[in-house]
Structure formats: C-alpha cells, structure tokens
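These entries record what I looked up in the structure, beginning with the packing of helices on the sheet and ending with the relation between the chains.

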There are 2 protein chains.
Amino acid sequence: MTISTDHATVQRVSIQLAERSYDIQIAPGLLDQATAWQGLPKAGAALIVTNETVAPLYLARLQQSLKTHYPVVHVCSLPDGESHKTWESLNRIFDVLLAQACDRKTVLFALGGGVVGDITGFAAACYMRGVPFVQVPTTLLAQVDSSVGGKTAINHPLGKNMVGAFYQPERVVCDLSTLQTLPARELSAGLAEVIKYGPIADMVFLDWIEKHLGDLLARDPQALAYAVKRSCEIKAWVVGQDERESGIRAILNFGHTFGHAIEAGLGFGVWLHGEAVGCGMVMASRLSQQLGLVDAAFTERLTSLIAQAGLPVTGPDLGADVYLHHMRVDKKAEAGDIRFVLIDPPGKATVRGAPDALVAEVVQACCRA
Amino acid sequence: MTISTDHATVQRVSIQLAERSYDIQIAPGLLDQATAWQGLPKAGAALIVTNETVAPLYLARLQQSLKTHYPVVHVCSLPDGESHKTWESLNRIFDVLLAQACDRKTVLFALGGGVVGDITGFAAACYMRGVPFVQVPTTLLAQVDSSVGGKTAINHPLGKNMVGAFYQPERVVCDLSTLQTLPARELSAGLAEVIKYGPIADMVFLDWIEKHLGDLLARDPQALAYAVKRSCEIKAWVVGQDERESGIRAILNFGHTFGHAIEAGLGFGVWLHGEAVGCGMVMASRLSQQLGLVDAAFTERLTSLIAQAGLPVTGPDLGADVYLHHMRVDKKAEAGDIRFVLIDPPGKATVRGAPDALVAEVVQACCRA
C-alpha cells in the first residue's frame, strides 16, 4: 500500500528540553521525503542500525534518502527481538563504528521498533561519549512511546533496561506508512501504549480511541496519524517537565509495573511488551479501584477497550509471590518498596505504594486460574 | 606514614557546571574524616568499587567511614590494570548491584586510580540510567586529572576510552595520604599530568613545578597539596567552560595524541598512561616548535623537566606510519584529520592540524633509533 504525501501533511510535535529540544515529524511516506532528513548535523558518515526483519522492507529507501546528505552510509543489521537487546548487540554497533573509523560527528539512525531504538540510542550515548542520533521508528509502539523522550537501554541478565542512559535524539521521524506492514499482534501491542495516555492524562483522548478503535485496527491513515500525534503530544508534555524521571515522568509507566512482572515471570519475549502493559493496566486500574481512587465502571471500561484492541486482560497465573518479587526489582522501587502508577481520578495518575496483601488480591483476581 | 589533619587544612576546588556543580576536597587523611562524607545523597546502600591492589590498603577505612552514612556498604573489587578497563569489569559492577537489589538511589564510590574511576563513573552513568557517584582517587594521576571533570569510559578492543559518558560525580575526595603508598613509577606518571597544566594554561605554575620537583618526588605533603590543588583549579576552569569537549576542553589533551599512539602502538599497559603523555608532550612541543609557535628553548626546558620527573622523553621506535595510523583513530580526529594540541605561546594551547610529513619528522626526531 502506498500513500501519497506532500509537505503540508507533515505533523510536528516539539519536545522542549532547552538545548536538547527536538521535533517529532509524523506523516506517511517520510522515508522518501527530503524534508525529513534536512537540517540534521553534518558528518562524514552516517550509520543505520536496523534488524533482519525491518531491513528487507525499509533499509534501501532510508539509505537512498540519506545518501544525499552523508558521503558514506554504513549499516549494522542486528538479530530481531527483545532477547537480542544485549551487550553483544550493542558491541556489534561499536565494532562497525570503529572498524569504519567513524568519528564523533557520525550520526546514527535507528530504523526499527523499540529494541532497535533503545540499543541504537544507547550506542549513540556511549560511542566516544556521545554522538548524534535520529529515531526512525517503524512500529506503533516505538512511534507513540519508546522513540520519544530519550530513554535508551539494554537488558542485563538480571533485569530489563537496567543499563542505559537518558539521551535525546536529534529528531524522531515517524513514517506512518511503515505501520501498514506491521504484524497484527504488534499493532495491538502499540495500541496498549496509545490507550495508556487516556487514563493518565486525557480522558477526551480515551473517548476518541474508543470511538476510532475500529479505524485504528483497520490501519486507517487518518486515525493512525491522530493517534500517533496525540500520544506524542502527551508524552512531550510529560517529558518536557521531567526529562530524567525524578517525578511526573513516572506516570508514563502506568501498567508497566505489573507488566514488567508478567514479562520477567514468563521470560522476556513470551508476551510482547505492549501485551504485558495492556494486562498490567487492567491490574493497575483494579488496584486503583481497591484503593478507592476509581470506580468499578472505570476498570470495566478500560478492560473492555484493552480487550477490543486485541490485548490480553487476564494475566498468567504465576502466583502473587512471583509478581511481587519481580515488581520489587522494578527501577521505580525504592529500598524494596514497590511504587505503583495508579489512576486518581480518571485522566490523572499518581505514584504510590500499596499493601502487599492488597496487591496479591488484585493479582489473583486478574489471573487465569 | 600518618599525617594528622584537621578541618582547617581541607582545600576545596569547585567545578561550576550549573546543577551538576560539585567540590573537590583535598587534604591528607580524608578517608577517615567525617566531613569528607557528609552531605552526600542519602540512600539505602552504597557500593565501593576498588581493585585488588588498593583494597588491602584503604578499603576497610572507607567502609568504616561510610557505614555511619549508609545502612549497607557493598564492595566490588576488580582486577588491577588498564587491561581490565573492559565491559567484563563493568558488568561485574552491574552484577553486584542487581544481585544486591540496589535501587537507583544507590551511591557508588570509586576507590582507586584512573581505571577504577573511569569504570565506576561509567557504571554510575548507566546503572538504571544514572545513579550518583563519588570519586575517591588514590593515585596522583587520578587526583589531578582523571577523577575531575566527568569523563568516564571503558576500552573497546579497537580503541581506548571509546565507550563512555560525560557524567559528573557528586564530589571528589582526594586523600593526599594515599599518595605515600604510590609506587614511584606511578608518582612520575601523575607528575606528567601536573606538568601538563603549565604549558597549556599557567607558566607561573610551571616555574613552581620546576622549583619544587624535588619536594614532589620526595612526596612532601605541602608540595603535593599545592600541586593537586593548582592542577584541579586549572582543570575546573577549563571544564567549567566546556563540559563536553566541544572546544577549549581539548587543550587538556596536550601530549595525549602522540601519547595515545605510543600506548596503542606498544599495546596498552606497556607504558603507563602518564609516561606516554610525558613523552607525547615532548613530541607535541617539538611539533609546536617546527610550526614556529614556540622556540627551541621552550622544548628543551619542558623536555628537561619531564626527564627529571622520571618520565621517558624518547619514544618507542614504531615508525612514523604506526604513529600516524593510531593518531587517526584518536577521538579528536575528524574525517581522518588528526587534531593536535599545540603550545602557542607557552601558557596557552591551540588545537589544529599539521602536515603528515612534518609530524613524521617530529616522531623520527623524538624516537630511539
């Protein structure tokens, strides 16, 4: 499917972070648009980092576009999947950069989903203590969440995203056309992060998502364009206030504490991150409800939307102890106290603790027997 | 040797970097001084990173001091030496942090020389995307140079310090008493970085070094105190203007471009970093002279001082091509053009290129036949 585009249709969202500010460009067909790549830092070379799944689809087009801006465009293609978000993959990027004698002006381009974006961003943060990079997210999850805001990381055998940096890209280029080739399961996973923005920040957006869920699942270009833009606007608003997550930024982790336990408990990669977040939001809403912060109707409404988006709403039955164990090593935890992102009231999030017994009760109620 | 001390003798140098500002404390006996450890970020745990050589000398004292401020003080002791400034060592720190369920308030303490400081700082920069850390340098080189200014890194098989971050410590605590146990060769290596500050920034300091070199080599506490303080002041002045080395900070690399070629050409660890810098300054001065920026008398004066400090002034005869090859992968190089830090005039440094033929001539003149 090809969607024609012109400059007028490019939406822009700004991330305001003083000298680290940058724009998100959102439109179909941006991979081939000259404007998407103009005005980036000049360099003797660029390096595209991608993976084996995305490369056959989009690498040649990005290379073609970048060749008019950089004398040399190197490529590093990594294996696909969360299990490869490791030091080994990171080091392959350094190997290419050093083997090609890339200097500290070299610009890195992350072409792919969240894993490619996180690794590439961290490589850019570390190579020669920092080189510029550009996010070119090709999944819905990466376009609405992981490519925006400068969180980069790799996994450690003892914990997900435990080694990383806050490091902002020069630009985020969201080519909406790439979403047309996304597997259905990954589209749903991305919708989990879109839905997230409603309860934590904007109930009008939640209304819109409910009304347009069918369009989104059918990949209607206009619906996708609005969902990506509004998600990025909310994320920009949060990140602009708290780049390094010392406060409000934690609300973006709604559903992620429970979700993290699901991912870690099952083994990373069994559920997609977005699937775990979807189910985690059901649990976090129910915990909010048990604490009297939202009513049962809200939990039911959110659960129904998540289910209709094609996401799981019942957790794997790992036992409450396993959930609690994994949540204690969450990065938000402090001295072993789990910090939950809860809804209070709908449209606003808060970060607080909860009694273990109550959390266990919620987990049991939300898990398959 | 024990040196008595009291609060009045603690010298302080401030690094002014807005919200990342911090103090360097300089005095004998600081390891046991309560004031050295007061006012640091509170946390449920601290982690001391050190090495097998330094641990038997100073670990117990630092542990004892920190126990009054942190409920738990973990330790990670690494093998000693530049050859261990690797991902493997870095990952051992992450292993300990995660095995001990350390949260993102955990404070890391780097107890040792430049290698320990660089690895620990980089671990702090990356663990959970950044935790606070404190430099406790125990070598002269680390006290006057590597612990100050926030450059952290590990080596990659294809290049030294190629993977790292600009990440500032909360404080630098220079216990001058630790210099009394330093091997003579490492004292001389540290003096190379002390001498460096003269030609690039302060010829009055160079006069002082010449006059007090005997005292410094005899480890006179007053002489060491002044050398460390004045070196830190100059470094603070430079770093305060250019934290991320986009300009003037590069002058701190005087002697380091040639020195890097010596280290890489011989294999890292054959010469100490300070030894390579000492000889590299002779070469860089001679290159400055060939370009008409300083006179022969200056080169002779600097060469004589470096030799008297116990440092090599004649380079290993690797051949000019090998020198040029290694200098092209220096981080200051741009698109293969080597950038030299040159003296112009004495007391002031400049960064510029030079013709390969002239560089080759200088290398040949400065190397053992």
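Entry 1, helices on the sheet. In this predicted model, I looked up helix α1 (residues 55-67) of chain A and found that it lies across β3 (45-51), β4, β5 and β6 of chain A, running at about 170° to β3(A). I then turned to helix α2 (residues 87-99) of chain A, which lies across β3 and β4 of chain A at about 155° to β4(A).

Entry 2, the sheet. I traced an open, seven-stranded sheet in chain A with mixed pairing and the order β1-β2-β9-β6-β5-β3-β4. At its edges I noted β1 (11-15) and β4 (72-78) of chain A; each has a single partner strand, so one side of each is left without a neighbour in the sheet. Neighbouring strands are turned by 15° against each other on average, direction ignored. I checked one pair: β5 (residues 107-112) and β6 (residues 133-137) of chain A run in the parallel sense over five bridges. In this pair, A:Ala110 stands opposite A:Gln135 of β6(A).

Which residues touch the most other members of the largest nonpolar core? Among its 235 residues, I found these to be A:Val49, A:Phe109, B:Val49 and B:Phe109. Beyond its neighbours within four places in sequence, B:Val49 is in contact with residues including B:Cys76, B:Ile93, B:Phe109 and B:Thr120.

I laid chain B on chain A by a turn of 180° and a shift of 0.0 Å along the axis, with an RMSD of 0.0 Å. The copies are thus related as by a two-fold rotation axis. The contact takes 32 residues from chain B and 32 residues from chain A. On the chain B side, β8(B) gives the most, with six residues. By class, I recorded 18 nonpolar, six polar and eight charged residues on the side of chain B that touches chain A.

Definitions and conventions:
Residues numbered from 1 in each chain as written. Chains lettered and ligands numbered in written order. Predicted model: local features only at pLDDT ≥ 70, side-chain atom pairs only at ≥ 80, totals over all residues. Least-squares fit on C-alpha atoms with pLDDT ≥ 70 in both. Contact = placed C-beta atoms within 7 Å. Helix = DSSP H or I, 4+ residues; strand = E, 2+ residues; numbered from the N terminus. Nonpolar A, V, L, I, M, F, W, Y, C, P; charged D, E, K, R; others polar. Core = buried A, V, L, I, M, F, W, Y, C linked by C-beta atoms within 7 Å. Buried ≥ 20, exposed ≤ 12 C-beta atoms within 10 Å, placed from the backbone. Pairing = 2+ DSSP bridges. Axes fitted to C-alpha atoms, helices over the stretch in contact; angles between N-to-C directions.
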